[in-house]
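I opened my notebook on a structure new to me.

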Amino acid sequence: MPRTHKFTMLSIIMLIAVPAMVCGELGQLPDNVEIIDSGSYQHIVMDSEHVWMLKFYSDMCGSCAEFQPLWEHITEDFNLGRALKIGIVPIDEPEGLSLAQELKILERGLPVVILASNPFDREDYQILHAGGDSEALPEESELEGRLSSLLQDLQMDEEGFFLKNSPI
């Protein structure tokens, strides 16, 4: 095989495999994670009585790939999947991009993690992390602290999920 074919084949393999390995969200979604887009945001997130944590990301985003281990720690190791509804919004998809534009998420840089806790205003959310806020990723403890602070005044239902707009 000529050298140019090797390079071309390797390039094709890398273009297909690297985004899947780095962000891999759509291929290996845990049971407690929903894919959210402009068509599902209203009935899944807004109409829910529970607080939702959403991550807006792109498979082509280097910062999103760097953030992935921290996201996994927060959603899995920190056990937030038992207290918050978890969703991802892939902006590489037209419906995900549409939602990100509608909520003005892209102005913050990627990735962006929000808490949707107001059942009456779809554009009222708390930003937990925005890729454009700093050059460095936050420390795990810093992100956990922000999250705890945002959740401290919310009540939980009998299943242990935080409820929207439910100050104690």
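Is Ser 117 buried or exposed? I found Ser 117 buried, because its relative accessible area is 7% (buried means under 20%, exposed over 50%, with a 1.4 Å probe and protein chains only).

I noted the ground rules. This is a predicted model, where local features need pLDDT of at least 70, side-chain atom pairs need 80 or more, and totals for chains, interfaces and linings use all residues. Residues are numbered from 1 along each chain as its sequence is written, and side-chain values use heavy atoms, without hydrogens or water.

Next I placed Ser 117. The loop between β4 (112-116) and β5 (126-130) holds Ser 117 (strands are DSSP E runs of at least two residues, helices H or I runs of at least four, numbered from the N terminus). Its side chain makes a polar contact of 3.0 Å with that of Gln 126 (N or O atoms within 3.5 Å, one able to donate a hydrogen and the other to accept it; residues adjacent in sequence count only if both atoms are side-chain atoms).

Then I looked at the sheet. Five strands form an open sheet in the order β1-β3-β2-β4-β5, with mixed pairing (a pair needs at least two DSSP bridges). β1 (33-35) and β5 are at the edges with a single partner strand each, so one side of each has no neighbour in the sheet. β2 and β4 run antiparallel, joined by five bridges. Lys 55 stands opposite Val 113 in β4.

Last, I checked Leu 84. Beyond four places in sequence, its contacts (heavy atoms within 4.5 Å) include Val 51, Met 53 and Phe 161.
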